[in-house]
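Student: I would like to learn how to read a structure of this kind feature by feature, with the general idea set out before the particular case. Could we look at it together?

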Amino acid sequence: MKILHTADWHLGHQLHGHDRRFEHDAFLDWLADTIKRRDIDALLVAGDLFDTANPPASAWQLLYRFLARLRAEHPALEMVLIGGNHDSPSKLDAPHELLRAFDLHLVGSISRDDEGRLETERLLVPLRGKNGEVAAWCAAVPFLRSSDLRPDGLSEGQDRLIEGVRQVYEAVLSEGRARCHPDQALIAMGHAYLAAGQLSELSERRVLGGNQHALPAELFAAADYTALGHLHLAQSPAEGVHYSGSPLPLSLAEANYNHQVLEVTFEGGKLARLERIPVPRAVEMIRLPQSGLDEALQAIEALDLPACPQQAQPFLEVRLLLPKPEARIRERVLAAIGDKPVRLARITTSYQGSGQGLADGAGQRRLDELSPTEVFRLCYQRQFDGEPEAELVASFEEILEQVKESSQ
């Protein structure tokens, strides 16, 4: 049995105001072709289908059109999708009965009976191979929010959130293992942050209260393979536990990630092969090295890019290191870009200040011994290089006088 593991599509995402529909279209076309070319038996999408809990109608249309295409082209393909921390559980669960009629499994939330017991039936999905026989069971657990957790028997010092998540997975995986025959694999599927996982620099939300509640990998020890979502960098924090990573860079910091999907092959209920399939980049990202403004403008003017439609134009990040603030930076950058086929995504500016605290700059004097103008000068020196210009100091003192007058 061949399974394709992917996650973190973030349909509806915008990069600094730029729409990503063109890139998502390209990815989903490529994914459909890959499923066909590699003769995949099951598609697992481990959460964050959408970028927000209230995605635009165009994002829903993109998802449903893709699922309809796969069902039409591959009537026997198993499809299991779960909600992530960016998704709305209720919105994902709303079309459950309709999708189930087409043998599509979209799980937005967990449910419990009147006694508070976890209902595992909907979370356990049999995966059938080409012969129509069940080759694996998928324990499809969506992102677990604090309100989903009802840990029993906590002892002193145990983390409520970690233990609550542990008990949910234990219940589902225990039931899944009980259903597995010796020649059937058990696959755990979730959306979570594991200890030792590497976070993306700019685009991932802290989940379940932050890193102090990172989950231990042994949570999934009962599974033959664990398909996770949430971390955008593909990685394996423990043996048999894998994040596929996001198929698109979701921040400029992810420009050099090796975005991929995972093809996982089982034979006789055991993991036989795992292949990382690179996702082609539909739109490039250009991140200029940090430099002064003049050097950056020269680098922009030197860009030699082929003509292409606007939606396919590369994203550009200009990174500046300046001694002090400069006027009209954005206007000068846009003028340098001119009609080049590139989209300005972001200008990041750092300054060459000393980084000293006020106490360091003030010597042995206490803060209450300094005049407001001296504090202003020290703050400027901490942020920027050198002394503030006389005109800037005069403007500060003028504002200071206005504040004093208004308070009298």
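Student: Which backbone oxygen does the side chain of His86 reach?

Tutor: The general idea is the polar contact, a pair of N or O atoms within 3.5 Å, where within protein one must be able to donate a hydrogen and the other to accept it, and where residues adjacent in sequence count only if both atoms are side-chain atoms. Here the side chain of His86 reaches the backbone oxygen of Asp51 at 2.7 Å. His86 itself sits in the loop between β5 (78-82) and α3 (89-93), where helices (H or I, at least four residues) and strands (E, at least two) are DSSP runs numbered from the N terminus.

Student: What kind of model are these values computed from, and how are residues numbered?

Tutor: This is a predicted model, in which local features need pLDDT of at least 70 and side-chain atom pairs count only at pLDDT 80 or more, while totals for chains, interfaces and linings use all residues. Residues are numbered from 1 along each chain as its sequence is written, and side-chain values use heavy atoms, with hydrogens and water left out.

Student: Is His86 buried or exposed?

Tutor: The classes rest on relative accessible area (1.4 Å probe, protein chains only): buried means under 20%, exposed over 50%, and partly exposed in between. His86 has a relative accessible area of 7% and is therefore buried.

Student: Which residues other than glycine have a positive phi?

Tutor: Among them are Asp8, with phi near 55°, and Arg328, with phi near 60°. Asp8 lies in the loop between β1 (2-6) and β2 (14-15), and Asp8 counts as buried because its relative accessible area is 0%. Arg328 is found in the loop between β16 (315-322) and α7 (329-337), and at 54% relative accessibility Arg328 counts as exposed.

Student: How many salt bridges does the rule give?

Tutor: A salt bridge is counted where a side-chain nitrogen of Lys or Arg lies within 4 Å of a carboxyl oxygen of Asp or Glu, and by this rule the count comes to 23. One of them joins the side chains of Glu23 and Arg20, at 2.5 Å from N to O, and both Glu23 and Arg20 are buried. Another joins Glu317 and Arg346 at 3.8 Å, N to O; this pair links distant parts of the chain, with Glu317 in strand β16 and Arg346 in strand β17 (residues 343-351), 29 residues apart. Glu317 is buried, with a relative accessible area of 1%, whereas Arg346, at 29%, counts as partly exposed.

Student: What does Arg332 form with Glu326?

Tutor: Arg332 and Glu326 form a salt bridge, with their closest N and O atoms 3.6 Å apart. Arg332 is partly exposed at 28% relative accessibility, and Glu326 is partly exposed at 34%. Salt bridges may also be read as a network, as with Lys2, Arg38, Glu263 and Glu275, which are linked in this way.

Student: Which domains does the assignment give?

Tutor: Domain bounds come from an automatic or database domain assignment, and for this protein it gives domain 1 (2-278), domain 2 (285-351) and domain 3 (367-406). The C-alpha centres of domain 1 and domain 2 lie 37 Å apart. Where contact means heavy atoms within 4.5 Å, 13 residues of domain 1 and 10 residues of domain 2 take part.

Student: What area is buried between domain 1 and domain 2?

Tutor: The size of an interface is often given as the accessible area lost when the parts come together. Buried area is the accessible area (1.4 Å probe) that two parts lose on being put together, summed over both, and between domain 1 and domain 2 this is about 1100 Å², with carbon and sulfur atoms giving 72%. On the side of domain 1, His18, Phe22 and Leu252 lose the most area to domain 2, together 54% of what that side buries.
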